[in-house]
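Please look over the sequence and the structure shown here before reading on. The report after them goes from the whole chain to a few of its parts.

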Amino acid sequence: MYDKKTISHFRRKLLNWYRLYHRDLPWRKSTNPYWVWISEIMLQQTQVRTVLPYYERFLNRFPDVESLAVAEEAEVLQLWSGLGYYSRAKNILKAARKIRDTYGHFPEDFSQVMALPGIGRYTAGAICSIAFNQPLPIVDGNIRRVLTRLHGITGKVAERHFWDTMSELVPHSNPSSFNQAMMELGALVCTPSQPGCSDCPVLAFCRAREMGIQTSVPGVWKNQKSRKVTIVLVVLEWAGKILVSAASKDRLIPGSWAIPWQRLGKAEVAEIAALSICEGIVGAAVPLRPLRSLRHSITTNQITGLVYSGVIHASDLGTMLSSPDTYRWVAKSEALKLLTSSLFHKALKTDDM
C-alpha cells in the first residue's frame, strides 16, 4: 500500500484521532475477551444503539463464560429476544460450553478461537487483537469502506485485497486500538453516504478524495429483500391461565415455547384459520374475537400478526388438549418467561385482555 514512513504517519494520525474522539462504549471499558466476544457477536448485522441495552442486560445476567455455560437455552434466547438472527445466541451458548469443557478459560490462540461455534475470521481477529493485543488484521463493513476510499477503488476487487492491506497496516504495538480506530473511522466519519471528509484525520492519504469521487464499496453483501409473512395467533385463556404450545416445526419464530400460531395462506381467512387452530388443540370450537393486529420483524421477514383471543370455561373442557405433552396452561407471568420471542410478548399486551 504505502512505504514504511507513510504507514507510520498514517497510524499515528489515526490513533491520535481515536484517542480524542472514540465513543465511550461499555465493551471498551475492559479487554476481557468475554466482553469483547459478546459485543462482537451482538454487533453482527445490528446497530450499536440497538445493541447497548441488550449488552448491559446480558452481561448483568451472564457476567462470564462460566455463568453462560450453565445457562438454559430458553433463558439465553429470552435475553436475546428482539436482536434477531437467533442462531447467534445459540452459538454463543455452544461456544461457552466448549470453552468450559475444552479449555477452562477463554483461549488466546487464534485458531482455537476461530474454531468456536459462530466465530469466523473477522470475529476471531477482533477478539485476539482487541482483548489480547495480537497484531492480527480484521475486515468488517466499516474497514472495507475506509480502504475502498483510501485506495480510490471504483470496480470489483478481491476480498483478499482488504485483508492483505490490513495485514500491512496493523502495528505490532497497540493493534487493539488501531483496529478499533479503523472501525470507528468508518462508523463516525467515513460513513456510507455523505462522509465527513472535513473531519477525517487521514484525509491526506485518501485517493478517492484526491480523485474527486465518492466510491461505492465492492465486495459487500447486498441486503436481502424482505419477505412479507402473515400469521394467525390464538391467545386462549382458562381459569386465568394462558395456553402455550411447544414450538412449531416452522422455525420462523425462535424459541422452545409459543402462542399457538400458523402462517396464513393467500386464500385463507384469518378467523377460520384461528378457529381451526383451536379445534386442533381442544377438539371443539371456541368462541373467538379479534384482539389486535401487530407488526414484527425477524431477520428478513416482515410479519403481520393477526391475534385472536378466546376464553374456555370449565363446562367446555371435555376432551380438551388433543396432545397434552405439547401444550401447557401457565400463569401469564410464567408465559412471558417461557416465550422468548418479543412477537409473543406483543400479542400478550395487557390491554383488552
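## Basis of the description

This is a predicted model, in which local features need pLDDT of at least 70 and side-chain atom pairs count only at pLDDT 80 or more, while totals for chains, interfaces and linings use all residues. Residues are numbered from 1 along each chain as its sequence is written, and side-chain values use heavy atoms, with hydrogens and water left out.

## The protein as a whole

The protein contains 15 helices and seven strands, where helices (H or I, at least four residues) and strands (E, at least two) are DSSP runs numbered from the N terminus. Its C-alpha trace spans about 85 × 50 × 30 Å along the principal axes. Of its 353 residues, 46% count as buried; buried means under 20% relative accessible area, exposed over 50%, and partly exposed in between, with a 1.4 Å probe and protein chains only. Among contacts (heavy atoms within 4.5 Å) with a separation of 6 or more, 66% are between residues 24 or more positions apart.

The protein exposes about 17600 Å², of which carbon and sulfur atoms supply 51%; the areas come from the Shrake-Rupley method with a 1.4 Å probe, and for residues only the protein chains shown count as cover. There are 43 positive and 29 negative charges, and their mean positions are 7 Å apart. Here Lys and Arg count as positive and Asp and Glu as negative, without His and the chain ends, and a charge is placed at NZ of Lys, CZ of Arg, CG of Asp or CD of Glu.

## Helix α5 and its cover

Helix α5 covers residues 73-80, and its residues Val 76, Leu 77, Leu 79 and Trp 80 are buried. Seen down the axis of α5, these buried residues fall within an arc of 160°, so they line one face of the helix; the arc is that of the directions from the helix axis to the C-beta atoms. The cover over the buried residues of α5 includes α2 (33-43), α3 (48-61), α4 (65-69) and α6 (87-103).

Trp 80, which is found in α5, has a relative accessible area of 0% and is therefore buried. Leaving aside residues up to four places away in sequence, Trp 80 touches several residues, among them Ile 41, Met 42, Tyr 54, Phe 58, Tyr 85 and Ile 92. The C-alpha atoms of Trp 80 and Tyr 55 are separated by 9.2 Å, although the two are 25 residues apart along the chain.

## Residues with positive phi

Most residues other than glycine have a negative phi. After α5 comes Gly 82, with a positive phi near 110°. In the loop between α5 and α6, Tyr 85 is not a glycine and yet has a positive phi of about 50°; at 27% relative accessibility, Tyr 85 counts as partly exposed.

Asn 174, in the loop between α10 (159-169) and α11 (175-188), is another residue other than glycine with a positive phi, in this case near 60°. With 31% relative accessibility, Asn 174 counts as partly exposed.

## Cysteines

The structure holds zero disulfides, a disulfide being a pair of cysteine sulfur atoms within 2.5 Å. Cys 190 is in no disulfide, and the nearest cysteine sulfur, that of Cys 200, lies 6.5 Å away. Cys 190 counts as buried at 11% relative accessibility, and Cys 128 is buried with a relative accessible area of 0%.
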